[in-house]
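Here is a briefing on one predicted protein model.

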Amino acid sequence: MSGGFVFNEKPITIESGEGAYLYADDGTEYLDFGASYAVAALGHSHPAVTSAIQEQAAKLTYVQASYPVEVRTDLYEKLAALAPGDIENVWLCNSGTEANEAAMKFARSATGRQKIVATKRAFHGRTLGSLALTWKQKYKKPYEPVAGGVEFVTYGDADELAEAVDDETAAVFLEPIQGEGGINPATAEYLQTARDLTEDAGAALVFDEIQTGVGRTGTLWACEQAGVVPDILTSAKGIANGLPLGVTLCADWIADGAASHGSTFSGGPVVCAAANATLDTIVEEDLPGHAAAVGEYLTSELEAAVEEHDLPVRDVRGDGLMVGVEVKRGANRTLKHLALSEQLLALPAGRTVVRFLPPLIIEEEHADSAVDAMTNVLS
């Protein structure tokens with residue numbers, strides 16, 4: 001069950017990292033435009049996060065969540081203040097899939113209903129509950145039966161969504177931008193339609209911002225760009241800059257109606273310290289705004305390179321520093337050559353999309369390096 005970063009059967013063993021760069025055990029420097037699936041939001045070995053971890057570990061490594069701890073209380077208050085709209089209830093866990101499992105449980109217990117509407121090409125996690133919300137059969141077929149009561153609709157199709165949402169619906173799960181599904185952004189109109197439909201039906205609107213959250217798309221939460229506030233918002237990935245943390249944020253009516261739920265390692269002090277430092281840095285340095293500006297530059301330079309060099313690219317899309325390049329040759333082949341020939345690490349999003357999720361701290365010169373690498377590989 002072990003695995004590694006393997007190209008051509010030769011694993012790249014990562015030894016250290018700093019900022020936007022990773023270093024292999026042979027000394028090779030790689031520009032990291034994947035950030036381990038958006039986890040390293042501040043880059044590698046960020047001094048503020050490192051210092052916070054060290055200081056907290058020297059005082060208290062862990063105590064169960066039933067005992068108040070200042071660093072955890074600070075994180076609760078910070079997340080409640082940063083959440084969109086009037087969402088003020090916070091539940092902490094250890095991963096994105098756990099955050100979505102909690103969202104499913106909270107929505108069903110608060111509404112007293114079972115049916116959940118999810119979208120085709122969605123990815124919400126790999127535990128049995130979250131797998132039920134995930135579209136691709138390759139992820140869930142070996143583990144069936146998964147949780148039932150999930151109906152899938154075409155992402156972005158408001159008419160299909162309207163037909164699916166009814167008075168038996170507990171929740172609608174949406175990614176504001178589909179990540180694994182190919183970097184597919186939803187329109188503001190589609191998200192607003194989902195908001196209107198769920199309000200009319202008494203169902204919960206859940207935004208999965210596991211990958212889009214904490215500044216990646218140019219605002220702290222991607223849903224803010226559409227001006228739509230969900231009933232439940234889930235986040236993880238970059239929220240603690242590498243330490244395992246998931247978050248489920250809920251409106252009052254969800255929190256008041258939710259049944260009991262818990263996790264032994266929910267909100268460990270060291271993880272909370274890392275998250276506090278990460279969020280403080282993101283807010284104080286306006287990294288969402290920085291991501292919007294550098295992301296726009298990256299996207300425009302990629303589009304210009306495609307046109308100038310007639311590269312085999314079908315589309316460049318995304319928001320902020322969540323960018324997908326749909327290539328004609330296949331994503332895995334392109335990624336292999338980017339890593340081995342250009343020392344650029346990126347990710348796939350399906351078979352044909354190269355996904356860029358760099359640290360939010362990158363500058364235009366890093367974007368230039370990525371564009372040059374793509375141009376060299378695809379030319």
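**Nonpolar cores**

Of the 83 residues in the largest nonpolar core, Val-354 and Phe-356 touch the most other members. Such a core is a set of buried Ala, Val, Leu, Ile, Met, Phe, Trp, Tyr and Cys residues joined through side-chain atoms within 4.5 Å. Buried means under 20% relative accessible area, exposed over 50%, and partly exposed in between (1.4 Å probe, protein chains only).

This is a predicted model: local features need pLDDT of at least 70, side-chain atom pairs count only at pLDDT 80 or more, and totals for chains, interfaces and linings use all residues. Residues are numbered from 1 along each chain as its sequence is written, and side-chain values use heavy atoms, with hydrogens and water left out.

- Helices (H or I, at least four residues) and strands (E, at least two) are DSSP runs, numbered from the N terminus.
- A second, separate core has 20 residues, including Ala-102, Leu-133, Val-206 and Ile-232.
- Phe-356 touches Phe-33, Leu-302, Leu-321, Met-322, Val-323, Val-325, Leu-344, Ala-346 and Met-374, not counting residues up to four places away in sequence. Contact means heavy atoms within 4.5 Å.

**Largest pocket**

- The largest pocket holds about 850 Å³ of space. A pocket is an open set of points on a 1 Å grid over the protein atoms alone, with protein on both sides within 12 Å along at least five of seven lines; lining residues have an atom within 4 Å of a point.
- Of its 35 lining residues, Tyr-37, Phe-123, Arg-126, Glu-180 and Lys-237 are the closest to the centre.
- Helices H1 (35–38), H4 (96–111) and H6 (137–140) are the elements that give two or more residues to the lining. H4 gives the most, with 3 residues.
- The lining divides into 13 nonpolar, 13 polar and 9 charged residues.

**Helix H8**

- H8 (residues 188–201) has 14 residues. Its first and last C-alpha atoms lie 20 Å apart, close to the 20 Å expected at 1.5 Å a residue.
- Tyr-190, Leu-191, Ala-194, Arg-195, Leu-197, Thr-198 and Ala-201 are buried in H8.
- The buried residues of H8 pack against strand E7 (115–119), helix H7 (158–164), strand E9 (169–174) and strand E12 (204–208).

**Lys-336**

- Lys-336 sits in helix H12 (residues 331–342).
- Lys-336 is partly exposed, with a relative accessible area of 28%.
- The C-alpha atoms of Lys-336 and Tyr-21 are separated by 18 Å, with the two residues 315 apart along the chain.

How values were computed
Expected span 1.5 Å × (residues − 1). 1 Å grid on protein atoms, 1.4 Å probe; cavity = no way out; pocket = protein on both sides within 12 Å on 5 of 7 lines; lining within 4 Å. Points joined across faces, edges and corners; volume = space filled by probe spheres on them. Nonpolar A, V, L, I, M, F, W, Y, C, P; charged D, E, K, R; others polar.
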